[in-house]
Structure formats: C-alpha cells, structure tokens
Amino acid sequence: MLRVIIKCLRSASSLQSVTPLICVARAALGTRRSYRSVGGDATSYSASLTALMDRGLPVSVLDFEISASEAVRRFEDYQRKACMYLHAHSLIKPPQQQAQQPQQPGAPHSDGGPATAEPLAAGSAGRSPSGAVSGSGSSLMAAYLPYWCFEATFNSEAFAKLGFKDERTGEMVWKDMADPLPLSRAALAPAADPSMQVYAGYKYVRDVGGGAAGPGLPDRARPLSRSEAAAGLVGGVALQAADMRQGLAWTLALRALTHEQLRSAEGAVRGATKATDLRDLRVAMQVLSRRARLVFLPAYIAVYQYGTRYKQGTSGVIVPQVFTAVIGGTRDGRVVAPQHLSPAKASLGSGGLVGGLGLLAGDWGASWAPSLQLMGLESLLPQLGAVEALTLAALAASGAGMWAHQRPQALRAHHAAKQARADFEFYKKYDIHETYGSGAAAAADARRADEAAGGGGGAGGNEEYVLWLWADADWRRWEHDEPWNWDEEERRKGAEELWRKQASRRLERQRYVERMAAEAARRAEEEEAEARREQRYGGRGARTAYSSHRPQDHGMGGQEHEHHEGGGGAGQGRRRRRSDFLGYYRVLGLQEAEAVSAEDIKQAFKVQALLLHPDKHVGADEQAQRAALVKFQKLQIAYDTLKDAEKRRLYDRGQLVH
C-alpha cells in the first residue's frame, strides 16, 4: 500500500510533505501482518504460526528435558538457598506420577496429559464468588513460551564527556571527546546470547516470562513441524501465542545489547583517554545485518498462594496473596521466583540463637568461659541470667517472625524505591541537558554554550544521547513499574503506544532540527547585513543615525528632543533612555554601557555564560543548581533577543518581542 501511495505522488512538494507520515507508518506497522483489535482502538499483533512459516520465518521448538517433579525440586532448592534454610515448605504441591513428564512429540497422549493444571484465575473454581482465592491450592502448568531470537552484526562507538582533575586548583575540567572511541567492528551478537532472546508475549511479568531463556538454548531447538504449528500443541503442551511484534521485540533486544556495550565502554574509555571521571557516557550502535527467528522454549509456570494482603480498593478485606514463578524446562534451566521466608522458622532460629548465646554468657555458661575467651566472644556477650536470656530470646523470636511475615511487602517497597531512584537520576540528567520535548533544543543549547565557552563543538550528539535516555527510561518503567499489578491488555497497549511514540518522537526531533537550522541561517544573513551596514555608514565611534546603539538614542527614532528644566536653547536637551523592562541588558551586564553594539552583546554573553553555565554548579546543592539553571535560561533568552537587530529595536521601544 505504501508503494502505491508513493507512485501516485508526482510533485516534489507532495512527496516531501508525506514522507514523514510514511516513515511513521512504516515504523509503527512494520512488515505486513494480521491484526486484531484489542480494547477499543488499540491494535495488537497477531499472526498464525503457519502464516509465519509460509513467509519463510524459521520457527523452532526445544522439547522438555526435565519432569514436573524435578521442576518442583528445583523450586524448593532455590527457596532453600535464597532464604538460607528459613524458607517456607510445600508452596507447590508435587504432581502425580502419571503427570510428571510432558509427552514428547509422537508419544501417545494419555487422558491425564502433562502437568497442565490451569493457574488460579478470577472466576475459576479455586476462587470464591468475591474473587478471593479459596483453599491452599497451587498449580504447575507446562508451557512453551515464545521468544523472538535475533542474530545481528553491528558496529559500536563510545561518546563521553571526559573529566580531568587540575593538579593546581583541584577542580574537575570537563571536555568532549575529540573523536568517538570504536568499541566493536562487525561484531556478532548471536541468538544464543540471552540478551538477544526476547519474550514474545504479554501474559506474564517480564522477569517471569523471560525465565525460560538461557545461553545456547535456541541452537538446541528443532524445527517446528507444520502439523504441530497448525494444532498449536507439542506433545500435548500448548504453544503460547507470540503476541509481540518482531519490531518491538528488536527494540528491546537492541536496548539490552546497548546496555552490554555501555558496561564495557566505561573501562575502555578510561583506559584509552586516562580520564579521571566520565559523564554522559553513551554508545552509538550501527546495525549491519539482522536475522530473526521464533523459538518456543519449555517452562513450568507455578501459581501458588502464600500469606495474605489487603484487597486493593476495599476497606479491610483480607485476601490470600497469589504469586507466579517460572522454572526452566531444560537441564540447565533457571528459577525465577520471589523469596518466601517462613515466620515460624525465623522465630525459632532467632530465638534459639539469641537464647543460647545469652545462656552461654550467663550463669549456665561458666564452664564455657575459657572457650568463649579463646574465641574472643567473652567481651561481646553480656553477663545474663536465665530469665534475661529467655526474655531476649522471646523478643528476638517475635521480631524475626514479624520481619519474615512482612518480607514480601518490604521487597515491594524496595522495588518501588529502586524505581523512584532510577526516575530521579533520569530527570536529573534530563534537566541538565535542557530538553524541551524533543531533544533537539538540548543540542542547540549545548552548541550555544560551547560557542560561548570557546569550545570547538562536539555537542552534535547531545540530542541522540537525550533521546536514548528518554527511550531507556520509558522501557524501564514499562517493564518494572508495579509488576505485582501486571495486566496483560494494559501492558500490551502501553508497549504498542510507546513504540509508536518513540518513532514519531525521533521524526519530530528531525523536523525541529531543520527549523532550527533555517532560523540559524536567517540570523546569519541578518548579522551579515548589519555588518555591511556598519561598514558603509560608520563603525562603532560614528555619531550618525545608522551607527551603533546608544542608551540615549533608543526609543526616539530620529531627532526628537526633550528640553532640560530651567531653560536652554533650541536643540539643547537630552534624549530618552532605552527601555529595559525585562532586564535583558541587566542580565548581560550592559545596563550602564554608553554604546552597545552587536559585538558587545556577543562578548557579554560569553562572559556571563561562563559564569552561569550549569556545569559550573555541579557540586552545589539542588536549589543552587536550579537557580543557576534559571539564570542561564534567561541569559539565553536575552541573547537571542538582543542579537537580532529587529527584535532589539522593538525591545528598546518597550514592545514585547515574540
């Protein structure tokens, strides 16, 4: 359809006007797929496996290598190690022997089938009519999770601001890298790398959905047969739908690959430049080739209850907490699950430890005194009696039990605090780089500041850095904000909208950069015209109507006079002073100047920019940094107004300049 539209466009103006729309459509829709409507106007990707295979997309599957009983054992081992043997027991019930192992392709399917018990869901038999989970049930479901696996070759370069400490003054001097540092040339990112394996669904939280991925797993997969693709089953286990677009999954894979390059870039840049510190480190990726395939990896999805919580939106209604975990279905599969401490074990362990130490240090531990002295513990343990030791043991047991009971809520609070800190760091960098919506204004401000500081450029990549920061923060929020409130349709819609927004954001930035370039060219022409006019009618010292501005000349427009009080001859008097109602001359430090030329304004801006630039106030507190940032913004507005001859003439008359 896009090709037909382009062929119908004959005029260059029509083609130029529709090109951004075509770019947005191509970025948002990608290649031809089937689509279905979800939740009103939201559009979701949906394509059958047979249709993907007909288009030549490789589709493969890795068979189960462990039984359901082995998956339960791995889950228990994970909880035991993560909780230091203070874990809760029997969170997942072991399945029956006849349902332990998913059937392999071609094996006869029994009536019981694999361990495919459906997870607890609203409206199921495991819930009461109010929606609360009833009973202590759990489920273990065998599933094949879809993954977009990419193999790409790429080049990468590192950019950063380098900080060198001045030995005499002790201050940090920052400067841009003269040339980018090459990190990789035609490097290969294989599909066997877990960062290139992206969970292609929205049903589960990203951490849970990505739990089946692992090093080398796609290379061990076999091609999916057409009969299995048509049935949507492999050995009686369902293939979950790949709802995520390939283009969106590639965005997430490229983000993960960029983070890997960033981790290696810091050491490489420090070693190559000998810089004391780095700032604004970013990596530019150039993808040379890319191949994608769809791989279904085996996993056991466990849904179980543990503890209670207050139901959201109610007043005091207590419901059981339901958790979801994933156990990889391969020999080297991993476990992704929350940690569950047993309050009883924590109470007994802490109470026994504190009580035992108290008794050893008290009257009952007299025989142990030489051993305690030998181990150096005598000074650490107070002299306690039996009653005091038992009291401390009871207090320790009570506190440990309460801590274990509140552990899930504490982990959620820690996760939320981590997200808040990440947002704070993002907005801090966002404010420093002066991004006004698209990122292009940040590049303009950085170039202007470098010009004022006498720098040689190097700020051209600033808008790319800010765009990358913005996109990375968006995807981080989408993946990790409140995973306990994960909703499949909302996350699907959010990912689709975010993907389109980022594509249009880059196009908006490009158009804004073009407008800024045109404005810069117009101002350059005006400055050249002003220079020619000064050269023709007189320079800075001439006293003509065409000479440089003087304070008493502004606002008169000719030979209009006002007489002094107390007489004076005709033609004797003083001229009206210029208007500085917004304080632009005062910001530049030119409020007392007798004659103000374009060169004076430029030199004054350079001096004030060196004093007010945000980089000069990095070590100050947040309030001081904000005040310096506001002053620097006003300085830029004043300079943009007064360096333009027409805007300056209107401002001097006391008129608002738009």
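R74 forms a salt bridge with E70, and their closest N and O atoms are 3.6 Å apart. By salt bridge I mean a side-chain nitrogen of Lys or Arg within 4 Å of a carboxyl oxygen of Asp or Glu.

Before going on, the basis of all this. This is a predicted model, in which local features need pLDDT of at least 70 and side-chain atom pairs count only at pLDDT 80 or more, while totals for chains, interfaces and linings use all residues. Side-chain values use heavy atoms, with hydrogens and water left out, and residues are numbered from 1 along each chain as its sequence is written.

Back to the pair. R74 and E70 are 4 residues apart in helix α4 (residues 68-82), so about one helical turn separates them. Helices (H or I, at least four residues) and strands (E, at least two) are DSSP runs, numbered from the N terminus. R74 counts as buried because its relative accessibility is 14%, whereas E70, at 23%, counts as partly exposed. The cut-offs are under 20% relative accessible area for buried, over 50% for exposed, and partly exposed in between, with a 1.4 Å probe and protein chains only.

Next, R185 and E157. They form a salt bridge with the closest N and O atoms 3.4 Å apart. This pair links distant parts of the chain: R185 is in strand β6 (residues 181-189) and E157 in strand β4 (residues 139-165), 28 residues apart. Both partners are partly exposed, R185 at 47% relative accessibility and E157 at 25%.

Which parts does the pair of R293 and D219 tie together? The side chains meet in a salt bridge at 3.2 Å, N to O. R293 lies in strand β11 (residues 277-310) and D219 in helix α6 (residues 217-220), so the pair ties together parts that are 74 residues apart in sequence. R293 is partly exposed at 23% relative accessibility; D219 is exposed, with a relative accessible area of 53%.

There is also a network: salt bridges that share partners join E519, R522, R523, E526, D640 and D644. In total, the structure holds 33 salt bridges.

Now the cysteines. How many disulfides does a search of the whole structure find? The search finds 0, taking a disulfide as a pair of cysteine sulfur atoms within 2.5 Å. As for accessibility, C83 counts as buried at 2% relative accessibility, and C149 counts as buried at 1%.
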